[in-house]
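Let's take a walk through this protein together. Have the structure open beside the text, and follow along from the whole chain down to single residues.

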Amino acid sequence: MECLLEEEAWCADFPQSRTALFVLREILRKSCASSGTLAVFDPFRKKLRVVAAFGLYPKRLRHSPYLPSWGVAAHVLQEGQGVIIDALHSPPLSLPYRRCRDTSSVCVPLRGGDGKTVLGVLSLNRREGCFSPEILLFLEDLLQEFSGFLKELRGGLEEEHLVRMVQKASRVLSGCDWTTGFQGLVRTILRAFQVMVPTKYAALFALLPTGKYTIVVPRELARVLSSEAREELGRIFLPLFRKKHPVVCSARSVLRLLSLSGQASWKVLVSPLYWRGCFMGAFVALVDAPFSRLLGTFLAILSGVAAGMLQGFALCERARMGIVEQERLRIARSLHDGVAQSLAGAEMCCRALREMLRGEEASVLLHLERFLSSSCREAREILRELRGEGQEDRSFALREALLERLDYLFGLQGVHYDLRISIPEEYLPFPVRKEVFAILEECLMNVWKHAGATALRVTIGRFRNAVYLVVWDNGKGFCPEQAFLQERTFGLRGIRERVAALGGMVRVRSRSSRGTRIGVVFPVHW
C-alpha cells in the first residue's frame, strides 16, 4: 500500500518514506531539477527499491517499486560513481540505454557514513537545460548531510521486509497439519525457515521422538544429495549446534561437498532449536545476503517456536505410545483369556478323542488336531508381538506356509488347488511376505467357508515395479458391492486395509454360479 501525497509525488508505505520524500524535494529544489527518484538497495531481493519519487509515473511505482537490474541506476550502484546523461554527455557504452535526449539526467550513489558503503541511488532530471559536471560533487556534498538518515532508511526497509517475512512464516506454521506425522511437521518448519531465509540450499536437523536425528532437505536438493553427503554434513555442522543463537561462518567445506565452486561469497547460517535448554534440532542454510542483528533476532524467535512445536509433538507421541502400549496389553490379556484358551482346550479334546478312535475317523481328527495346533501357535505368536516379546523369523517361507494352509483347508474336501509363484521370495522383504500371507490366508478362508468350489488357483507374480496376487475359484460367487456394505464382513475389510497399507489396490470380480476372482497389486522397490 502506498501513500499519494500530491498528484506527482509518491512514497512507499513505511515510517521513513515520508521523510525520504521531503529530502528528495529539498534536493530537487537545491539542484533546480524537475523530477527525480530516491532508491535504496534491497539486499534480500538484490534490487533497487524506489522509496520516494516526484514527477515520475506514480502508477507504475505503485505496481512495482523495483528498478530494473540493467539500467543506469543499477550501473551506478555497481560502479559506485555518478554519471550524467544528456546531449553533451553520453551514457557508459556498456549500458543498453535508448532514451530521447530532450532531457538531462544525473544519477549518483547514496553512500553511508563511512563513505564507502553504497546504500542506494539518487536520480534527478531536468526538462530544460543541462547539468554541469560540478553537479556530481555538489550532490555528493549535499548527500553527506543526509548520510545518517539514509542508513536509517536502509534499516527501515530491512525491518519492513523482515516483518513481512515473519508474518508469512507464522502463517506457514499455523497451517501445520499435525496428522501428517513427524515428517510433515519437520517439512512445515523447514518451509517456514525458507520463507525467512530464501535459499534452495537449506536443511533441517531434527531430533526424533526416539532420540535419533533426521535430516530433511528440500526436494530439489534431495535429488542430488546422497546419504553419505548427508552424514558428512552432520559431522561438519555438529560443533555449531552447541551454540544457542544463530551464527554465520565459513562455507568452504560445505561448498566443496556440494560441488559449488563459483559461490565463494556464500556463508553458512546455523540457527539452533533449543527448548528450555534441550536441543531439538537446527536450521542450516547457505546464504549470500548480509546477516543483520535484526534478522538474527527474528530467527531466534522462529527457532524458539519451532523447537516448542517439536517438543510438543514429542510429548504427544510419547503419550500416544503409552496409550497404544496399554491397549496392546489389554488386547493381549483378552486374547489369552478367551480365544487362546478355547483353542488350547479344543486341541486337547481333539487329541483325547483321536486316541479313543481308529481308522478313517482318527485320520480326520488328526487333520483337525494339526489345524488347531497351528492356530494355537499363531495365537501365541500374536500374544508375544502384542507384549513386545515377539522374535521375527526372517526365514519365513511363503510357499511352504501357503501349501500348508491349502492342505489344511482343502486336503480332505477333494478341492483341486494350484499355487503359482513366479518371483523369488527373497525379493519380498520380510514384512511384505507376512502381509502377503495374511491377505492370501483370508482369501482362502473365504473360499473354504462360503464358495463351495471344486477348483482353486493362487498366483503371485511381478509386473515391472509391482507385485500382483490373484485368487480364483469356481464356486458359487457373491455380490461384492453388497458384501462390502455389510457390517460383519471383517475379512474383506481387513484385506482392503492391508493392501492400502502396502500402497496398493484390490479388485473383486464375482458373479452368481461363475466363481470369484480377487486381484491385488502393490508397489515394491527392488
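This is a predicted model: local features need pLDDT of at least 70, side-chain atom pairs count only at pLDDT 80 or more; totals for chains, interfaces and linings use all residues.

The protein chain is built from 15 helices and 16 strands. Of its 526 residues, 46% are buried. If you take the contacts in the chain with a separation of 6 or more, 62% of them are between residues 24 or more positions apart.

Next, the empty space. Rolling a probe the size of a water molecule over the atoms shows where such space is left. Searching the whole structure turns up 2 cavities of 30 Å³ or more. The largest cavity has a volume of about 110 Å³. Its lining consists of 13 residues, and those nearest the centre are Y201, A202, A203, L233 and V284. Among the contributors, β11 gives the most, with 3 residues.

The elements that give two or more residues to the lining are α10 (293-356), α11 (360-386), α12 (398-410), α13 (430-451) and α15 (490-501). Which of these helices supplies the largest share of the lining? That is α13, with 11 residues. The pocket's lining divides into 16 nonpolar, 5 polar and 15 charged residues.

Now zoom in on S104, which sits in strand β5 (residues 104-111). Is S104 buried or exposed? The limit for calling a residue buried is a relative accessible area under 20%. S104 counts as buried because its relative accessibility is 0%. What surrounds S104, once its neighbours within four places in sequence are set aside? The residues in contact with S104 are then I85, D86, L124, N125, R126, G129, C130 and F131. With F131 there is also a polar approach to look at: a polar atom of the S104 side chain lies 3.2 Å from the backbone nitrogen of F131.

C32 is found in the loop between α1 (17-31) and β2 (35-42). Its phi is near 55°, a positive value in a residue other than glycine. C32 has 55% relative accessibility, so it counts as exposed. R464 lies in the loop between β13 (455-463) and β14 (466-473). The phi of R464 is positive too, near 55°, and this residue is likewise not a glycine. R464 counts as exposed because its relative accessibility is 67%.

Methods
Residues are numbered from 1 along each chain as its sequence is written. Side-chain values use heavy atoms; hydrogens and water are left out. Helices (H or I, at least four residues) and strands (E, at least two) are DSSP runs, numbered from the N terminus. Buried means under 20% relative accessible area, exposed over 50%, partly exposed in between (1.4 Å probe, protein chains only). Contact means heavy atoms within 4.5 Å. A polar contact is a pair of N or O atoms within 3.5 Å; within protein, one must be able to donate a hydrogen and the other to accept it, and residues adjacent in sequence count only if both atoms are side-chain atoms. On a 1 Å grid over the protein atoms alone, a cavity is a set of points where a 1.4 Å probe fits but cannot get out, and a pocket is an open set with protein on both sides within 12 Å along at least five of seven lines; lining residues have an atom within 4 Å of a point. Grid points are joined across faces, edges and corners, and a volume is the space filled by probe spheres set on the points. Ala, Val, Leu, Ile, Met, Phe, Trp, Tyr, Cys and Pro count as nonpolar, Asp, Glu, Lys and Arg as charged, and the others, Gly among them, as polar.
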